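Reader: I would like to learn how to read charged pairs and a ligand site from a set of coordinates. Please take one feature at a time.

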Amino acid sequence: MAWTVTLEEAQQLDAVDPLAFARERFRLPEDTIYLDGNSLGALPKAAPGALAQTAERQWGEDLIASWNKHAWIDWPTRIAATLAPIVGAKPNELLIADSTSVCLFKLLAAAVRARPGRKTIVSQQANFPTDLYVAQGICDMLRLELKAVRAREVLDAIDGETAVATLSHVDYRSAAIYDMAAVNEAAHAAGALTVWDLSHSAGAVELDLDGSGCDLAVGCGYKYLNGGPGAPAFIYVAEGLHNELTNPLQGWMGHAEPFAFVDDYRPAEAINRFLTGTPSILAMAALAAGIDTFDGISMAAVQAKSCKLSQLFVDEVEARCGSEVRLASPPDPGRRGSHVVFAHPESYAVMQALIARGVIGDFRAPDLMRFGFTPLYTRYADVVRAAEILTGILESREWDEPRFRTRAKVT
Ligand SMILES: *Cc1c(COP(=O)(O)O)cnc(C)c1O
């Protein structure tokens, strides 16, 4: 067997890990190795208190006065501003709103409208389904064509007919990462706009949305940002586009003067024009606690640890059981996000057996086991333990039981 890292050696890596302290910011069950923070971030210790405070003190005592007294009305922009260092944007370029799918609809439709006469939306085959469904829906509505091509064909697919190119920065399955600056440059050279989905990037990899010339982006609040199940999403609109783009889902909260109650719509000057209806305050209280888990932490340190964790897992799994599973993520950690996938013909059952042993990852059709490494709370020892347990399950074939083959509604 190839050389492997022992549990003791991994614990030594944890002892000198400059981000080790961040795990204290989360409540995690003792005997669980949680490798699914890329799908649902763990509970920040501050979140239950923030929810209770918002419900009991603000809603309970100050009632409707809270919109002013606790500035609820500004939360979509204030909380968004705390994301600025995480994604490399200016505070005024960000907004918390809706869900990722709805935000994507808003930005794609806004982008298409800003490029009249152009016929296509370019995307990638096997992009996250909601991204393709939203784009298809817009194409059907506006008689455009969705050109979903293979990842390596994206740059060539962008041409003078392209209104907008929309891609997931980190692929939810393989974790392959796009060169954002290169795609933005190609799109701009063709006169098109870009809409990035940062769901598997924000909070996991270092981003420089402004520096890499992004136009528009959306991202998920409940993955690496730890905002809680169904947390609102975020929107990024580069400052230069603020007055050029308008929100296709016009509503009173995006109006320049929502409380003037006038009949005619006039969009707000700033990013709040992308709001539609009343924001979900309780959900935003939890999201704010989630984003605060990054307080004082540099994204360069997060990305560096992410690469080390995922590479340790790949090395350990390949050394221990590399003949049984196949790495289906890019081998170079610099070319992937913060998760890795391994293929195995019985991935569903193997993952269920792992979960039964307290190692929580997930299954992605057709045959992938996905393991997410969240630098704020995953330890090197967790990674080595998870590789050991996976090896044990494959050797003993303990996955080969009917109870591990029954598919649940959510995989
Ligand atoms: C998780 C994820 C979403 C989620 O969309 P919702 O509207 O929150 O359900 C969207 N896009 C990508 C790429 C994702 O990974």
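Reader: Where does Arg150 form a salt bridge, and how far apart are the closest N and O atoms?

Author: Side chains of opposite charge can pair when their charged atoms come close. In this predicted model, the partner of Arg150 is Glu153, and their closest N and O atoms are 3.1 Å apart.

Reader: Is Arg150 buried, exposed or partly exposed?

Author: Arg150 has 42% relative accessibility, so the residue counts as partly exposed. Glu153 is also classed as partly exposed, because its relative accessibility is 27%.

Reader: Which residue does Lys69 meet in a salt bridge?

Author: The side chain of Lys69 meets that of Asp62, with 3.1 Å from N to O. As for accessibility, Lys69 counts as exposed because its value is 55%. Asp62 has a relative accessible area of 19%; the cut-off for buried is under 20%, so Asp62 is buried.

Reader: What about Arg364: which residue is its salt-bridge partner?

Author: Arg364 pairs with Asp362, and the closest N and O atoms lie 3.7 Å apart. The cut-off is 4 Å, so this pair counts as a salt bridge. Both Arg364 and Asp362 are buried.

Reader: How many salt bridges does the count come to?

Author: The count is 23 salt bridges.

Reader: Now the ligand. Which residues are around it?

Author: Begin with the list of neighbours. Ser99, Thr100, Ser101, Phe128, Thr130 and Asp131 are among them, and the list also includes Ser168, Asp197, Ser199, His200, Tyr222 and Lys223.

Reader: Which ligand atom does a polar side-chain atom of Asp197 lie 2.7 Å from?

Author: That atom is a nitrogen of the ligand. A polar side-chain atom of Ser101 is 2.6 Å from a ligand oxygen atom. For Lys223, a polar side-chain atom lies 2.5 Å from an oxygen atom of the ligand.

Reader: How much of the ligand does the protein bury?

Author: The ligand taken alone exposes 390 Å², and the protein buries 86% of that. The space that the ligand takes is the largest pocket.

Reader: Which elements give two or more residues to the shell around the ligand?

Author: Those elements are helix 6 (100-113) and helix 7 (129-142).

Terms used
Residues numbered from 1 in each chain as written. Predicted model: local features only at pLDDT ≥ 70, side-chain atom pairs only at ≥ 80, totals over all residues. Heavy atoms only, no water. Buried < 20%, exposed > 50% of the residue type's maximum accessible area, 1.4 Å probe, protein only. Near = heavy atom within 4 Å. Polar contact = N/O pair within 3.5 Å; in protein donor to acceptor, adjacent residues only side chain to side chain. Areas by Shrake-Rupley, 256 points an atom, 1.4 Å probe, with all protein chains shown as cover. 1 Å grid on protein atoms, 1.4 Å probe; cavity = no way out; pocket = protein on both sides within 12 Å on 5 of 7 lines; lining within 4 Å. Sits in = over half its atoms within 2 Å of the grid points. Helix = DSSP H or I, 4+ residues; strand = E, 2+ residues; numbered from the N terminus.
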